[in-house]
Amino acid sequence: MRMFRAWALIYLMAALCARAEDQSGNAATPNRAYSLLRENEDWSFLKEPALRSDFWDPIKYIPLRADGWYLTIGGEVREVFERVGNDNWGKQPYMNAFSLQRYMLHTDWHFGRHFRAFVQLKSGLELSRRGGPRPIDEKNLDFEAAYFEAGDSEKKNWIVLRIGRQELNYGSGRLVSIREGPNVRQSFDGVKIRSKAGAWNLDAFAVRPDLDKSGFLNNAPDHKTAFWGIYATRPWRHGIALDTYYLGEDRKSATFNRGTAREVRNSVAARLWRPAATEGSGWDFDDEAVWQFGSFGSGTIRAWTVASDHGYSMPNLALKPRFSVKADISSGDDPRTHTLGTFYPVFPLGNYFGVLADTGPGPVNFIDVHPRVQTQLPHAVTVSTDLVIQWRENVHDGVYAVPGFLLVPAGASRARFVGYRPGVEVKWQIDRHAYLQADYGVFHAGRFLKEASQGRNINYMEFWAGYKF
């Protein structure tokens, strides 16, 4: 009944919103798109009553007093039904079917040009999963974000100080993200300085990851992990942008195929990218290279990764297709040396390879080729089909999960081929608030998995329904 009520609420909201927008006409309005990080939205244009056309506009701009004092309220409801067969290639040799529910509500307080407070509550619930909820599945109620900002970002060159619990999401999300795919998003506790100097936007932060516990308002920073870094980005030319960054992480206990020890890891990286074409046909790309160094126990760390995503979009054709190929490689480890060679993705995307959002191998000790075709059908329906093929970069290292923990040790197998996964995703964006989505994929175990584990194929299916306001 709880899930039925939530789904009914989604469709009720969608109907009310659609009705309100139909009554408003087609008058041009500023950008009303919802951001992945809701803190990035700016609804100050709604101080003009003539621009209020949406059902939710009355709570997107609530004036508190003159001189730019106002409050914004927003939120999200997401319902997911997930079915996974032979998870971890047969360690759970059964069909596991369960539902996941996410509820988020935020308030954004603007106290003039110089001060701001942002508070976001989250609730992630799990129902009927065999083995119980994972840490990424359930959090009854807590703060996803609760921070205070001081500074003025409207100047040509500016600096803003942020203190408190916050989300970090940079670049493509390959190394630092909010873990959007799984049910419970990642947040961090600490301090961040945002600034702009000339063409550069720079963030510097020192935080600890937030540990999600299953209860109410009992999350706490992970005192066994420290995380810091500097991220800089700027536009270049011909629509190309450049990102460069440094990340540091100190983990008191880190586990890899060679064992467990304290780890201090530094990552230096650069990313060059251009977004997909939207007006005429054209190429897009997203290339990133990372070098990692540091210490692991009494030894050293030398690891690396190179990731690429190249595509060609034809938005003027009927189905607006985009053809793309990802090709990635990250280093693995040879435990016979005194240097840890396993690349670690720090805080990566939860759905790094698409439809297998929370199961299957991750971007550690791997080589992959990932072709994909995306098309847009009438009525805002998109279809994406892809194929991921994976190998081990180093045959002396194992296979790891997306967050970076070991799934299958190397053992005695020297086979390189991990497996392949065809998949399909269909999404219907009902309006800018509501969507429905379905994902399906099968990860076919390769020679290594058959030699080092039960080697069964993973069968994955997921249905999504979401609403944002």
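Predicted model: local features only at pLDDT ≥ 70, side-chain atom pairs only at ≥ 80, totals over all residues.

Student: Which residues lie nearest the centre of the second largest pocket?
Tutor: Residues are numbered from 1 along each chain as its sequence is written, and side-chain values use heavy atoms, with hydrogens and water left out. A pocket is an open set of points on a 1 Å grid over the protein atoms alone, with protein on both sides within 12 Å along at least five of seven lines, and lining residues have an atom within 4 Å of a point. This pocket has 41 lining residues, and those nearest its centre are I136, R179, P403, G404 and F405.

Student: Which strand gives the most to the lining of that second largest pocket?
Tutor: Strands here are DSSP runs of E with at least two residues, and helices are runs of H or I with at least four, numbered from the N terminus. α3 (87–90), β8 (200–211) and β11 (241–256) each supply at least two lining residues. With seven residues, the top contributor is β11.

Student: Is G248 in that strand buried or exposed?
Tutor: G248 sits in β11. Touching, in the sense of heavy atoms within 4.5 Å, links G248 to A226, F227, W228, R265 and N266, leaving aside residues up to four places away in sequence. Buried means under 20% relative accessible area and exposed over 50%, with partly exposed in between (1.4 Å probe, protein chains only). Because its relative accessibility is 1%, G248 counts as buried.

Student: How many residues lining the largest cavity are charged?
Tutor: A cavity is a set of grid points where a 1.4 Å probe fits but cannot get out. The largest one has a volume of about 80 Å³, and its lining includes R174, E288 and D328. Asp, Glu, Lys and Arg count as charged, Ala, Val, Leu, Ile, Met, Phe, Trp, Tyr, Cys and Pro as nonpolar, and the others, Gly among them, as polar. The lining splits into seven nonpolar, one polar and, as charged residues, three.

Student: Which residue takes a positive phi in the hairpin of β7 and β8?
Tutor: β7 and β8 are antiparallel, with 10 bridges between them, and A197 stands opposite W200 in β8. Two residues lie between the strands, and the one with a positive phi, near 65°, is G198.

Student: Where is the pLDDT below 50?
Tutor: The chain averages a pLDDT of 91, and 93% of the residues score at least 70. The stretch below 50 still has 40 contacts in the model beyond near neighbours in sequence, and it covers residues 1–27.

Technical notes. Points joined across faces, edges and corners; volume = space filled by probe spheres on them. pLDDT = per-residue confidence, 0-100. Pairing = 2+ DSSP bridges.
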